[in-house]
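Hi there,

Here is the structure I promised to pass on to you. Have a look at it first, and my notes on what turned up follow below.

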Amino acid sequence: MNNLQETIEKVKKFVQQAHENKVSNIEVLRTLAKGFGLASNPVGGGNKKTHLPGNYRPVGASCPSSCPYLPDEKGKSQCYALRAHVNIAQKRSSTDLEKSLTSAAIVMISAANTGTHARLHVSGDFFIGDKLDIGYLDGLTAIGKLIHRLTGVLKVRAYSYTHAKSVADLRRIAKLKEVGIVVLQSDSIVKGGAIIADWDKLPELRKKHKGLHIAKCPAQMPPVRTRQGTERKASCATCDLCVTAEERGICIAFKPDYMTKAQSPQLVQIGGR
């Protein structure tokens with residue numbers, strides 16, 4: 001058995017134990033993983049927008065060079081993951097296989113045990129440099145298959161985004177859907193895509209892409225007043241748009257991050273910035 005197989009088997013044993021004990025608390029799961037001798041990248045229980053468990057990979061080291069938000073030669077960047085608490089977490093993370101897989105397993109089994117889904121890669125991507133991290137993808141596949149077997153139900157357990165651009169890379173990443181991991185294409189105006197755009201530009205964008213449903217992120221929209229007079233605010237935990245966008249023929253439009261003001265590169269020319 002090689003190092004990759006050994007790591008995957010250790011992570012699978014942890015997942016099985018967590019499932020049997022119905023553990024969903026992130027801190028308890030992290031402690032349980034340590035008991036199996038597993039080191040982990042940072043994980044968390046979500047912020048006020050997501051309310052979902054999520055893990056972190058390092059910006060740059062796990063991202064393809066095609067990502068338009070990576071720091072330039074002067075160190076300037078519009079990547080939201082290089083700001084505030086996300087930056088603190090991504091700096092502590094690594095592309096190390098064990099740490100990456102353990103953190104993914106923690107948030108995925110937490111989601112499975114609570115009937116929700118996890119956000120993979122609050123920061124980072126599926127790469128090491130410009131090459132797909134195949135060992136990591138194989139490990140995610142093994143985790144997804146195991147959770148399917150343990151729960152007896154094949155459903156989406158996690159979602160993520162990628163700046164992969166080549167057809168071969170996108171096809172390999174898309175295979176994760178077979179084990180319950182949905183990956184959206186960042187900065188791509190396609191079904192199952194995700195863009196960053198000022199919402200006042202959406203009418204013009206929709207004219208250019210007739211036949212494609214470009215929808216606003218519900219979690220970024222104002223609360224809705226119900227008939228009972230109460231306000232209902234969507235969060236990623238109560239919305240399934242990211243995990244169903246492709247099958248519903250939707251491209252999701254997110255408002256620019258309030259700190260970076262970044263927009264998807266192809267949208268900057270639409271109506272100015």
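Of the 13 residues lining the largest cavity, Cys-217, Cys-236, Cys-239, Leu-241 and Cys-242 are the closest to its centre. Two elements, α8 (241-244) and β12 (250-254), each give two or more residues to this lining, and the largest share, 3 residues, comes from α8. Sorted by class, the lining of the largest cavity has 11 nonpolar, 2 polar and no charged residues.

Before going on, a word on the model and the terms. This is a predicted model, in which local features need pLDDT of at least 70 and side-chain atom pairs count only at pLDDT 80 or more, while totals for chains, interfaces and linings use all residues. Residues are numbered from 1 along each chain as its sequence is written, and side-chain values use heavy atoms, with hydrogens and water left out. On a 1 Å grid over the protein atoms alone, a cavity is a set of points where a 1.4 Å probe fits but cannot get out, a pocket is an open set with protein on both sides within 12 Å along at least five of seven lines, and lining residues have an atom within 4 Å of a point. Grid points are joined across faces, edges and corners, and a volume is the space filled by probe spheres set on the points. Helices (H or I, at least four residues) and strands (E, at least two) are DSSP runs numbered from the N terminus. For the classes, Ala, Val, Leu, Ile, Met, Phe, Trp, Tyr, Cys and Pro count as nonpolar, Asp, Glu, Lys and Arg as charged, and the others, Gly among them, as polar.

A search of the whole structure finds 2 cavities of 30 Å³ or more. The second largest cavity has a volume of about 30 Å³. Its lining residues are Lys-177, Val-182, Cys-242, Val-243, Thr-244, Ala-245, Glu-246 and Glu-247. Here α8 gives the most to the lining, with 3 residues. By class, the second largest cavity is lined by 4 nonpolar, 1 polar and 3 charged residues.

Now for the helix packing. The axes of helix α4 (residues 97-114) and helix α5 (residues 134-151) come within 10 Å and cross at roughly 25° (axes are lines fitted to C-alpha atoms, for helices over the stretch in contact, and angles run from 0 to 180 degrees between N-to-C directions). The two helices α4 and α5 are therefore roughly parallel to each other (angles under 35 degrees count as roughly parallel, over 145 as roughly antiparallel, 65 to 115 as roughly perpendicular and the rest as oblique). Residues in the contact include Leu-97, Ser-100 and Leu-101 of α4 and Gly-135, Tyr-136 and Gly-139 of α5 (contact means heavy atoms within 4.5 Å). By class, the contact of α4 with α5 has 11 nonpolar, 4 polar and no charged residues.

Helix α1 (residues 3-20) also packs with α4, at an angle of about 25° and with their axes 10 Å apart. That pair is therefore roughly parallel too. Among the residues that meet are Leu-4, Thr-7 and Ile-8 in α1 and Leu-97, Glu-98 and Leu-101 in α4. The contact of α1 with α4 has 11 nonpolar, 4 polar and 2 charged residues.

How do α1 and helix α2 (residues 26-35) cross, and at roughly what angle? Their axes come within 10 Å and cross at roughly 135°, and α1 and α2 are therefore oblique to each other. Phe-14, Gln-17 and Ala-18 in α1 meet Leu-29, Leu-32 and Ala-33 in α2, a contact with 5 nonpolar, 1 polar and no charged residues.

Best wishes
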